[in-house]
Amino acid sequence: MQKKKIMAVFVTVLALCCLLATTAFAAGTGDVAGAVESTWTTASDQIKSVVNKVVFPAIDLILAVFFFAKIGMAYFDFRKSGQFEWTAPAILFACLVFTLTAPTYIWSIIGI
């Protein structure tokens with residue numbers, strides 16, 4: 001019984017893959033490189049927009065939360081031991097500054 005269920009799921013997935021797969025043709029001349037390049041040209045603006053508006057702010061938010069949490073933990077460690085550990089907060093701060101300023105120069109480095 002178990003083998004029949006697995007086989008039915010496999011055949012269904014295979015049938016869906018065959019039905020929903022489309023063939024990509026180059027623009028009549030067979031110039032595949034030109035088709036890929038034009039697709040990249042049109043998609044690069046969308047990729048850049050999504051990365052600038054979603055990815056970088058999400059990374060910034062995560063790093064900011066970790067930075068302030070680490071500052072708090074370092075403060076409590078300082079109160080307990082009398083020695084303030086700067087390494088982890090400094091690294092997180094450097095990463096936060098890097099990701100906050102990255103959208104201004106990262107695209108010129110990548111070439112978009």
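**Notebook: cysteines, rings, helices and a patch**

I began with Cys17 and found it partly exposed, with a relative accessible area of 47%. For my own labels, buried means under 20% relative accessible area, exposed means over 50%, and partly exposed is in between, using a 1.4 Å probe and protein chains only.

A note on what I am reading: this is a predicted model, where local features need pLDDT of at least 70, side-chain atom pairs count only at pLDDT 80 or more, and totals for chains, interfaces and linings use all residues. Residues are numbered from 1 along each chain as its sequence is written, and side-chain values use heavy atoms, with hydrogens and water left out.

**Cysteines**

How many disulfides does a search of the whole structure find? I got zero, taking a disulfide as a pair of cysteine sulfur atoms within 2.5 Å. For Cys17 the reason is distance: the closest cysteine sulfur, in Cys18, is 6.9 Å away, too far for a bond. I also looked up Cys95, which counts as partly exposed at 33% relative accessibility.

**Helix α1**

Next I turned to helix α1, residues 2–20. Helices here are DSSP runs (H or I, at least four residues; strands are E, at least two), numbered from the N terminus. The 19 residues of α1 reach 27 Å from first C-alpha to last, close to the 27 Å expected at 1.5 Å a residue. That expected span is 1.5 Å times one less than the number of residues. How many of the 19 residues of α1 are buried? The count is zero, and I noted the helix as hardly covered.

**Aromatic rings**

I then counted aromatic pairs and came to six. One of them is Phe78 with Phe84, an edge-to-face pair at 6.2 Å centre to centre and 70 degrees between the planes. The rule I used: rings of Phe, Tyr and Trp (its six-membered ring) pair if their centres lie within 6.5 Å, with planes under 30 degrees apart counted as stacked, over 60 as edge-to-face and the rest as tilted. Both partners came out partly exposed, Phe78 at 37% relative accessibility and Phe84 at 23%.

Ring pairs also link Phe67, Phe68 and Phe93 into a cluster. I placed Phe67 in helix α2 and found it buried, with a relative accessible area of 12%. Phe67 and Ala88 are 21 residues apart in sequence, and their C-alpha atoms are 8.4 Å apart in space.

**Nonpolar patch**

Which residues form the nonpolar patch on the surface? My list reads Trp40, Ile47, Ile109, Ile110 and Ile112, with about 480 Å² of accessible area together. The elements giving two or more residues to this patch are α2 (32–81) and α3 (87–110). Patch members have over 30% relative accessible area and no salt bridge; like charges are joined within 9 Å, and nonpolar side chains (Val, Leu, Ile, Met, Phe, Trp, Tyr) within 5 Å. A salt bridge is a side-chain nitrogen of Lys or Arg within 4 Å of a carboxyl oxygen of Asp or Glu. The areas come from the Shrake-Rupley method with a 1.4 Å probe, and for residues only the protein chains shown count as cover.

I checked two members one by one. Ile47 sits in helix α2 and is partly exposed at 36% relative accessibility. Ile110 belongs to helix α3 and counts as exposed at 52%. From Ile110 to Gln83, 27 residues apart along the chain, I read 42 Å between C-alpha atoms.

**Two more look-ups**

Is Val51 buried or exposed? Val51, in helix α2, is buried, with a relative accessible area of 18%. Its C-alpha is separated by 38 Å from that of Phe78, 27 residues apart along the chain.

Glu85 lies in the loop between α2 and α3 and is partly exposed at 45%. The C-alpha atoms of Glu85 and Ile59, 26 residues apart along the chain, are separated by 24 Å.
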